[in-house]
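Here is a short report for a reader who is meeting this structure for the first time. Look through the sequence and the model, then read on.

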Amino acid sequence: MKMVLPKFAIFCIALALSVGAGLHCVTAAPADFDGVWIPDVKDQHRQETGNVPPWKPEIVPQVQRLIAEEKAGRPFLVLSHCLPHGMPTWMLISHNAFEWLTTPGRVTMLGEVDGNRMRRIYTDGRALPEDPDLTLHGYSIGHWEGDVLVVNTSAIVPQAYIAISEAVGIPNNGDMHVVERLHLAKPNELHDDLEITAPKVLTAPWKTTRIFKRYPDRHYEIVEGECEQEDLIPGKDAYGNDIFVSHPQRPDGSVSTTK
Amino acid sequence: MVSPKIACVAASLLLSFGGIAAAHHSGAAYDMEHPRDMEGTVKTVNWTNPHITFVVEADAKDGQPAQTFAFEVSSPGVLTRSGWTKRSLQPGDHAVFHYAPLRDGNPGGFLLRVKLQSGQELSFSLQPSDE
């Protein structure tokens, strides 16, 4: 009997640990979000007028001017600089795809518009750092609530836009905080429910949803991204090696972005 | 040579393009309501973000001198998923270009589709159809 109890106890502990470990795995990533997601651009356009942010009164004239400029054929170019979109603009208005990669302790979103369009969402239980460097995409930590990944993002640079279209965006001016609830509305339809708190430019948190679709049968991939905007073109060096050479900006009257 | 499948996809993508502005930045500089056609030869391909551009030398005809057009189009990612490669349109290719002209009257615009001499049509869609 003396031998049986310890064995039984060890069995119970092992069972509890294995169940606990199993639960931990399930909790880490209960839903399959991996793959290439393409934004629902038509819905983005519907949102432009259907759900506008609660801009502060002093911000409204700026927004109205940007809308008027676009209507006049002189759009302000929110994304002309080749910097990362920043948060929350990436999720709000990008027309390009991103790839979602789930690995232990983190989710990584890879974009394709330049060489470093990337979000990391830490799911390993860490807290936000106490004094982080500010970045365009901020610092994101996430946790699973059932099949919903809840993501908190802060430490975003004040220059990051809150953009409602590619021609209308206002810098957040500091202290912005974004909470996202990412979930699958359908097996291949990802919804990002965002709540954007930006006390310098909004009177209240702005809630909006963006939709992304996955097409597993079409084997889409994100492509290599660079944003040299014609600054470099293929050429040769003095040895005849194939290199990229500097290209004078738009001697041909190129129509691309006016900064 | 383009496969019939790709041509069919391009045609259906074109149909789904209506009403969507230019990718990556606002298309307000272009007159989407009054598209035009021109014929010419590709001079330069800039396969880059945020937008690809093609520089095209327009055919001299009706006493008009040759003119250089600059066409902007969507991004490498969008065109790749629409069946293009970096080599779909190359310097020296002669084609018919269907485009939304620049509102300021300069030669150029936002490229909507291309018909190559082979008969192949190239188009794109920001968003795949759900078919």
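A:Asp175 is partly exposed, because 13 other C-beta atoms lie within 10 Å. The scale is as follows: a residue is buried with 20 or more other C-beta atoms within 10 Å of its own, exposed with 12 or fewer, and partly exposed in between, the C-beta atoms being placed from the backbone. A:Asp175 is not a glycine, yet its phi is positive, about 65°. The residue sits in the loop between strand 8 (168-171) and strand 9 (177-186) of chain A. Strands (E, at least two residues) and helices (H or I, at least four) are DSSP runs, numbered from the N terminus.

A:Ala155 also has a positive phi, near 60°, and is a residue other than glycine. Its loop runs between strand 6 (148-154) and strand 7 (161-165) of chain A. A:Ala155 counts as partly exposed because 18 other C-beta atoms are within 10 Å.

## How to read the model

This is a predicted model: local features need pLDDT of at least 70 and side-chain atom pairs count only at pLDDT 80 or more, while totals for chains, interfaces and linings use all residues. Residues are numbered from 1 along each chain as its sequence is written, and chains are lettered from A and ligands numbered from 1 in the order in which they are written.

In chain A, nine strands close into a barrel in the order 1-2-3-4-5-6-9-10-11, with mixed pairing. Two strands pair if DSSP finds at least two bridges between them. From one strand to the next, the twist averages 30°. Here axes are lines fitted to C-alpha atoms (for helices, over the stretch in contact), and angles run from 0 to 180 degrees between N-to-C directions. Strand 1 (residues 35-39) and strand 11 (residues 206-214) of chain A pair in the antiparallel sense, over three bridges. A:Trp37 has A:Arg214 in strand 11 as its bridge partner.

Chain A has domain 1 (35-218) and domain 2 (228-259). Their bounds come from an automatic or database domain assignment. The C-alpha centres of the two domains lie 32 Å apart.

A:Val245 belongs to strand 13 (residues 242-246) of chain A. A:Val245 is exposed, because 10 other C-beta atoms lie within 10 Å. Its C-alpha atom is separated by 5.5 Å from that of A:Ile233, twelve residues apart along the chain. Leaving aside neighbours within four places in sequence, A:Val245 is in contact with A:Leu232, A:Ile233 and A:Gly235. Contact means that C-beta atoms, placed from the backbone, lie within 7 Å.

## Cores and the contact between chains

The largest nonpolar core has 53 residues. Such a core is a set of buried Ala, Val, Leu, Ile, Met, Phe, Trp, Tyr and Cys residues joined through C-beta atoms within 7 Å. Those with the most contacts inside it are A:Ala163, B:Phe71 and B:Leu111. Apart from it lies another core, of 17 residues, including A:Trp100 and A:Leu149.

The contact between the chains takes 37 residues from chain A and 31 residues from chain B. On the chain A side, 15 are nonpolar, eleven polar and eleven charged. Ala, Val, Leu, Ile, Met, Phe, Trp, Tyr, Cys and Pro count as nonpolar, Asp, Glu, Lys and Arg as charged, and the others, Gly among them, as polar.

## Cis peptide bonds

The bond from A:Met87 to A:Pro88 is cis, with omega near 0°. A cis peptide bond also joins B:Asn49 and B:Pro50, with omega about 0°.

Conventions:
Contact = placed C-beta atoms within 7 Å.
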